[in-house]
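Biologist: Hello! Could you show me how to read a protein model, one feature at a time?

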Amino acid sequence: MRGLQKALRQDWVEIELLLLEPSSRLASVPDDTKKTPLTMRVAGFLDQEEAQIGSEATILTPIRRSWTGTLVEINPRPEHRFGPVVSELQGIGPALRAVLKGCDNDADC
Amino acid sequence: MQIVEALSRRQEILKASTGLDYASFSRGNYGFAYEELMNSVGYSLAEIVKLQAELGVGNTPLVELKNLTQLVRKSAKKGKGARIFLKDEAANPSGSYKDRRASVAVFQAKVKGYPGIVAATSGNYGAAVACQGAKRGLDVIVIQETFDSNQLGQPEILEKGRACAGLGAEVLQLTVGPELFAMCLFTLESTGFFNGSLYTPYAVVGVETLGYEIAEQMKKQEGRYPDMVVCTHAGGGNLAGTARGLKNAGATSTEIVGVSVNLAGLHMASDKDFNRKSFTTGHTGFGIPFATWPDRSDVLYNAARPLRYMDSYYTVTQGEVFFITEALAKIEGMERGPAGNTSLAAAVVLAKELDQDQILVVQETEYTGAGKHPTAQLELARNLGVRVIQGDRSHDAPGSVIAIPKSMEELGVTPLLLDKLRRSYLKNALQGKDAPVLPEDVRFFAQDLKCEESFIQKTVEELKKGE
């Protein structure tokens, strides 16, 4: 079984590459951003025999363009999701329903 | 990779990638032939309706929000409380009105023989381009401003990037910075792809069917045009395209209202501020700059010109949009947004001042889901130390506090003075240019700012005197 540190050819992976060093950023960029590099992430199919996380890797994107960068993730998994219930929102529905029904508060409905 | 040096070849790259010789539209010292630029698209309304319909774009439901209207009337003066309708643009193939914009851009790219299309976008437009590209057999590259320097991405941005990839695009996800435009130029140059910019005439003309449909549907259902159409405003294409469509349909008396979420104090290119907002578009961070200098966009002359069409402009708070999103879900059974509900948040306040027999249309909705949903947004906000509290707009502090109202009565809107925005626009237009303002320039400005020539002349005088 492959470890999560190594990807094989055709695995779906994500690489990261440097676009601009901090010193090369545009003058119009705010100071806090100017201290950071401009980097990019792109996902594609590994286009070499194998690659380790943290090492150089070349990929082919779904439209068959080639990018080379540092391997950062193998079989990346989207992390975004629904969040936990927000109590400041939960009461809104019942409160508005009560208004529509003509009750002073939803306990009377 | 020398992406920044592509900026020096901006004019040639934009000409090759749009097929438009922008310079040829220049007029006078400051203006350009706007209607000629829009007409250069060359497709009639009927042709655009057809190319949209054949791919399932447009013809979305216009739904009356009877319960929200009732709620507004409960707290309005007697006889007040206009009927509120909602144009459910989430019903488009990729979940937002952006499909209308992408449909024409991608169609043009295909017809002109480009091998693919590039879109620089916060995401919904990228998904729309990817969707249309998939249908028409064109390769798509989406360039998205995704992360801060800690590789943290706002959940809505991540979902939008996921959607673009899910629809087959190559997705380039950059850390925050205006150099995104340089990356866009670099990519256009190295691929020869079409520039699917939101600001080409193709991408604005595509929105006109939205305004046209509102007028036609309302005429058919209610025998009249709406009194007011409320549009979420960011880059300007949404409002400008819709207004043009309404006018073309004959709804020339309809008031066009723009609304943005207030993010005053947050810098859009700041690494620190980047994720401290719960809205990735539809906000003042785009809305005000694009109104006061539309030609800052990624093409030479921006086809999306909000001040040309806006009758009034308001801001709402992030908390108010979260409130109305919850209300729409629980009271009208429609889970949408919160993106796209900026206009709805203002509409329920504006409706209070209109008469009961008047009609107000909220011009869009957007799909919701993981990442986009209010719970995802508020979870990130809290993780970053933004306080989320129950409260009215007096407690709002973009980047620090999100105050969620608890009743309809607590909602409000803040009007922005259009004359102030017009003045800013003129200041930007004259900046660093010595050329005299000719009579045709005055005419251009008056049209572009929807005001009298006397206002232009007076303001130009004041600005030249350094006032």
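Modeller: Let us begin with helix 17 (residues 439-448) of chain B, where B:Asp441, B:Val442, B:Phe444, B:Phe445, B:Ala446 and B:Asp448 are buried. Buried means under 20% relative accessible area, exposed over 50%, and partly exposed in between (1.4 Å probe, protein chains only). Helices (H or I, at least four residues) and strands (E, at least two) are DSSP runs, numbered from the N terminus. This is a predicted model: local features need pLDDT of at least 70, side-chain atom pairs count only at pLDDT 80 or more, and totals for chains, interfaces and linings use all residues. Residues are numbered from 1 along each chain as its sequence is written, chains are lettered from A and ligands numbered from 1 in the order in which they are written, and side-chain values use heavy atoms, with hydrogens and water left out.

Biologist: What covers the buried residues of helix 17 of chain B?

Modeller: The cover includes strand 1 (26-27), strand 2 (31-32), helix 16 (418-430) and helix 18 (453-464) of chain B. Just after helix 17 of chain B, B:Lys450 takes a positive phi of about 50 degrees.

Biologist: How should I read the faces of a strand?

Modeller: In a regular strand the side chains alternate between the two faces of the sheet. In strand 7 of chain B, B:Glu170, B:Leu172 and B:Leu174 lie on one side, with B:Val171, B:Gln173 and B:Thr175 on the other, and all are buried.

Biologist: Which strands pair with strand 7 of chain B, and in what sense?

Modeller: Two strands pair if DSSP finds at least two bridges between them. Strand 6 of chain B runs parallel to strand 7 of chain B, over six bridges; here B:Glu145 stands opposite B:Leu174. From the other chain, strand 3 (residues 38-46) of chain A joins strand 7 of chain B antiparallel through two bridges. The partner of A:Arg41 is B:Gln173, and that of A:Met40 is B:Leu174.

Biologist: And how do I read the size of an interface?

Modeller: It is often given as the accessible area lost when the parts come together. Between chain B and chain A, the buried area (accessible area lost, 1.4 Å probe, summed over both) is about 4300 Å², and carbon and sulfur atoms give 65% of that area. In contact terms (heavy atoms within 4.5 Å), 61 residues of chain B meet 42 residues of chain A.

Biologist: How many salt bridges cross the interface of chain B and chain A?

Modeller: The rule (a side-chain nitrogen of Lys or Arg within 4 Å of a carboxyl oxygen of Asp or Glu) finds five. B:Glu170 forms a salt bridge with A:Arg65, their closest N and O atoms being 2.7 Å apart.

Notes: Buried area is the accessible area (1.4 Å probe) that two parts lose on being put together, summed over both.
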